[in-house]
Amino acid sequence: MTDLPSMDDSDLLRRLPKADLHCHLDGSLRVETLLELAQGLGSWLPAHDVPALRTAMRVPDACTLEAYLSSFAVTLGVLQTADALERVAFELAEDSAREGVWYLEVRFAPILNTRLGLSSDDVVDAVARGLARAERQTGIVARIIVCALRQLGPDASLEAARFAARHRGDLVVGFDLAGAEAGHPAGVHAPAFRYARESGLACTCHAGEAEGPESVRQAIDICGAARIGHGTRLIGDAALMASVADRRICLEICLTSNVQTGATPSYHAHPLGAYVREGVPTVLCTDNRLMSDTTVTAEYAHAAAAQRLSFGELCAIARTGFEYAFLPDSERHAELARFDAAVALLAAGATRP
Ligand SMILES: [Zn+2]
């Protein structure tokens, strides 16, 4: 960053109010908590002390999306009790609050947490309890996005949308389609998205991560997504990119995750800067704090260093995160007013000689 040289960049980025709109619960456990929960359950781990487990859980760069997703077997092994789910949700929100995240949307597929007998209702209730406790203790506003999974097929997605709609008001604000993108087009899940939208839920959709622009087009034109998870490969279709900019569809950008899955060869080569220049709304997110060994602040630092974005541009991205929050209008406007006031103070302090 070159426009605010008087403050340490990392401190400035930590203090910048941020929203994380793309964060998976089962990819965002503390290493210490994963170790403790697995030891209690006797479940398998790839390593048995904190430093080695941290290394083992960080997915290597340039693997495939499928290989990246396979690491979730470890975390899902411990996320099968209400106590574990509440604890992990609380700690995720607490860690986010500590690094300047004011608004967090946590996503997960409840069906994956029912192996030991919990119902999907139990799962959402436990996560909501953890997030509500974090909100009381830290002030962070945290909400839930229910994920359907591409590989489970359209009937399961419609069931997930019905489930999410029943929990609207229990911190559930949105619906998402996640899972293996290659070979599982979003378009067949359109009935689930329609049900979710008609029930008052906002919709996002993972797309353009493992597949090309056509996948993004289906997510927008057929499924009606207001936000796209990743959209990394949208850069391959200039006309569609212009349309995304015109229609104000927001891309949830996860730089480190994209480097790991090979969606982009490097931080430097990521299309984020091109999206910013073309007027595509973007927000920086973590995806999976554990597997990517990252934070929202670290993602902003990568954007600053590799994409040469200025502090003003990073502030605009942070503001976009609040603009596209899946909150009721009155709450979103209140968050934006709070953001604007805080950034004005931050900028004034940062530019003092
Ligand atoms: Zn994701």
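In strand S6, Ile 228 is the bridge partner of Cys 205. Four bridges join S5 to S6 (residues 227-230), and the two strands run parallel; strands pair if DSSP finds at least two bridges between them. This is a predicted model, in which local features need pLDDT of at least 70 and side-chain atom pairs count only at pLDDT 80 or more, while totals for chains, interfaces and linings use all residues. Residues are numbered from 1 along each chain as its sequence is written, and side-chain values use heavy atoms, with hydrogens and water left out.

**Strands around S5**

- Strands (E, at least two residues) and helices (H or I, at least four) are DSSP runs numbered from the N terminus.
- From S5 the chain crosses through helix H10 (residues 213-222) to S6 in a right-handed β-α-β crossover; right-handed means that, with the strands pointing away from the viewer, the path from the first strand over the helix to the second runs clockwise.
- S4 (residues 172-178) is joined to S5 by two bridges, and these strands also run parallel.
- Opposite Ala 202 in S5 stands Gly 174.
- A right-handed β-α-β unit is made by S4, helix H9 (residues 190-198) and S5.
- S5 is largely enclosed by the rest of the structure, because five of its six residues are buried; buried means under 20% relative accessible area, with a 1.4 Å probe and protein chains only.

**Zinc site**

- His 22 (NE2), His 24 (NE2), His 206 (NE2) and Asp 287 (OD) are the protein donors of the zinc ion, at 2.1 to 2.4 Å; donors are N, O and S atoms within 2.8 Å of the metal (3.2 Å for Na, K and Ca), and sites may look incomplete since water is not among the atoms.
- His 22 in strand S1 (residues 18-24) and His 206 in S5 (residues 202-207) link distant parts of the chain, 184 residues apart.
- Both His 22 and His 206 are buried.
- Along the chain, the zinc donors follow the spacing H-x1-H-x181-H-x80-D.

**Cysteines**

- The whole structure contains zero disulfides, a disulfide being a pair of cysteine sulfur atoms within 2.5 Å.
- The sulfur of Cys 23 is too far for a bond, because the closest cysteine sulfur, in Cys 285, is 8.7 Å away.
- Cys 285 is in no disulfide either, and its nearest cysteine sulfur, that of Cys 254, lies 5.1 Å away.
- Cys 23 has 0% relative accessibility and so counts as buried.
- Cys 285 also counts as buried, at 0% relative accessibility.

Key. Buried < 20%, exposed > 50% of the residue type's maximum accessible area, 1.4 Å probe, protein only.
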